[in-house]
Structures are given as structure tokens and as C-alpha cells.
Amino acid sequence: MYLKDNVTITTAYIDDATYSEDEKYFINLEYYSNAYSNGIECFGARWDYYTDTSIPDKKEDGSYGDKYTYSSGVQFKNGYTYSKYADTNNWNYSYSAFKMNDCTFYNTSNGVSFDATNSLEDMNHWVYDIDGQLCLIEEKGNINEYKTLWVDRGTKYDTSMLLCDLYDVVKSLPDGEQVITIDLSRYYNVFLFDGKEFDKGTPATTENWVFVNVYIYKTSNGLVSAKQSMFKSYMGNPEWSLYGTASENYWQANVEYNLTLKDFTFTYENGGYYLKLQTSCIDYLKEFKNMRLLVNLDIDKIYLGADKLNIEGFSSNAFGGLKIDTINLTSDSPCTFKVFDKKLNIQHSDNITLEYLEVA
């Protein structure tokens, strides 16, 4: 789009790799936050890219063959850690820059990761594609922002700085796998390949956006085994394990999860209201092992809108097969609470009488 005053709006949308049979993204992130205190915090990032500018032959169905892809990545001992320094010659320029700390660099070829020979820290450009058209994605690097006396001053916009912002993005997201679109134009320029070279010619004034689809995996669990990481290694050690060989059974520490009224829904059966754990809550908790589930309910304070409900008890299969450690029921007035599962460990106040029912 060309606007008056020679301003050009150029937008690049970078998605999954066109010339790859497997679904690959230019940037891939993983984050084990260890919010459940059952492992260690670990943040990792991987860049997937092509190694040449050849275009695969077109097949009879109109599709193309695969291009060889290579990967460079970094894994941090905890969350993203960095230091700031001045990129300067101590005479006529000085740029504020970021340096990655407490990390290990990897290369990945054909699904196998190893200690990097071509470190992400030393890279400033990559070959990728936009809807099949090859492009060069390049760090902006040192940008002049102001001048003091004879010294050019500014900021180095590079991958080390980008990771600081990406780490904050990942921390703000819910658990799970997702692909989100992020504007990376602050750090990268994109130049298209014209068949012979990458065209770096730009108008005098350019407004340039670089939108990249980034693959993200985040979990509130901690890392306990090198096998869990996308590099299949932890700080360069593919045999690392927090709990010894038993960690292959995944998280070993018991984590308490408290279920309250907000996690339940109501069912109307046999002329009365019964409690049942929400399906979304059941599906979420089934993903975790060694989770100690606790239920705490005050059955005097259950309302549907403004109306107080008289709850008869738990519905049949109220917990969807989840193993509940302890259920605590309280009430200020005498009542009977009906239960279908005799195996439930229910602690209750003296004025609550439990009535066990048979499943029809």
C-alpha cells in the first residue's frame, strides 16, 4: 500500500514452513513454569529455518517437495535471564544491548539436538518463506536513536532482546499448546528473494510490520526429565533427571489442588439438586498425575442466582473418575447429604448425616 509523502506500508505474515512435510514454525517456545513446585522452571526457544535458497520441484498435484530444515535454539536454566551491556568502541558509538545468561545453545538436525556448533547467540539472519516465497529474516541490529557530542547512541534490536519480551508473553498465557501471532517488526526486517538475491531495496520512508505465528507450549508443572524438553536434553545433558530413573513416571511430587463450589455445576434429579464437578475441570485435572485433590464445601452457602438451593448431595459419578483425596463438608444446620460412592473420604460437621445410595 503506497501512501502520500512516499510512505510505504509493508507487512510480512510468516506462518508454518511451506516446504516441510511436518508442521514447523519459525519460532518455537516452551515454558515449564513450575507453579506447582513439582520440578524446576525451564524456558526454551528454537528457531527453524532453511539452509539454502533452492525451490523444490513442483509435483503433479501442484504441491512441492520438502526443503532441508535446520534449527538453532537456546535453553535457560530457569526463566529467561540476561544482562545489559554497552556495545561500543568507546569512541564514536554506544548501543544498549542484551546478553543471554545461564543458558545452553543447541542445534537440531533431523529431530536430533546437540550442543551448538552454530550458536543462536552468534546468528543475525535466517532463510524462511512467506506462502512459499523465500525470504531473509534479519535482525535490525544497532539503531541510532540520539547523539551526544560526537557519540551515536541507541539500542541493539536483536534476538537476545526479543526473547525478553517473548518470555513475558509466554508467562501471561494459559497452559497448553497454542499458536499466537506476534509483531516482531521491532527486531527483524524481512527481505524477499527475487530468484537471484534478497532484495534489500526499500523506499525512503518505510513502515514495516513483521507478523510471525509462534508455536508455544506452556505448563504450570516443572521440568523433571530431559526427555520432556523439545531438545530432549537439559543444559546439555540428555540423561538429566530430577528424581532419578523414577522421573520417567513423570511428576513425582504430590501437588494439592483445592476444589470449591466454583468448580461444580448443578444437576436436577429425582426432584432435587445434586452437585457434579464441571466437565472442563475434570478434563483439565485428568492431565496431571500425582495430584492430591481436596474438596471444600459449605453446603449452607449454595445459591442459584439470588435463590438459596437445598442440595441433596453428589450426583452419581460426580467426579468423572478422578481420585479425590478428601472431601470436607460443613453446615450450620442439621441436614442429610446423599452420596453414591462409599469409597469417598468425606469429613463433615456433626450436624451432617451422610446417606449412601445405590447407583441405579
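Is aspartate 152 buried, partly exposed or exposed, and what is its relative accessible area? Select aspartate 152 in this predicted model: the residue is partly exposed, with a relative accessible area of 24%. Lysine 147 is exposed, at a relative accessible area of 52%.

**Further salt bridges**

The structure holds twelve salt bridges. Continue with lysine 67 and aspartate 52, whose side chains meet in a salt bridge at 2.5 Å, N to O. Both residues lie in the loop between β4 (42–50) and β5 (69–88), and the pair therefore ties together parts that are 15 residues apart in sequence.

Keep lysine 67 selected and display tyrosine 50. The lysine lies over the face of the tyrosine ring, 5.2 Å from the ring centre.

Now select lysine 200 and glutamate 138. Their salt bridge places the closest N and O atoms 3.0 Å apart. This pair links distant parts of the chain, 62 residues apart: lysine 200 is in the loop between β13 (188–192) and β14 (205–219), and glutamate 138 is in strand β9 (residues 133–139). Lysine 200 is partly exposed, with a relative accessible area of 44%, while glutamate 138 counts as buried at 19%.

**Aromatic pairs**

For one of them, select phenylalanine 264 and phenylalanine 319: the ring centres are 6.0 Å apart and the planes meet at 85°, so the arrangement is edge-to-face. Phenylalanine 264 belongs to strand β16 (residues 264–269), and phenylalanine 319 to the loop between β21 (311–314) and β22 (324–330); the pair therefore ties together parts that are 55 residues apart in sequence. Phenylalanine 264 and phenylalanine 319 are both buried.

Phenylalanine 314 is buried, as is phenylalanine 319.

Methods
Residues numbered from 1 in each chain as written. Predicted model: local features only at pLDDT ≥ 70, side-chain atom pairs only at ≥ 80, totals over all residues. Heavy atoms only, no water. Salt bridge = Lys/Arg side-chain N within 4 Å of Asp/Glu carboxyl O. Helix = DSSP H or I, 4+ residues; strand = E, 2+ residues; numbered from the N terminus. Buried < 20%, exposed > 50% of the residue type's maximum accessible area, 1.4 Å probe, protein only. Phe/Tyr/Trp six-rings, centres within 6.5 Å; stacked < 30°, edge-to-face > 60°. Lys NZ or Arg CZ within 6 Å of the ring centre and 35° of its normal.
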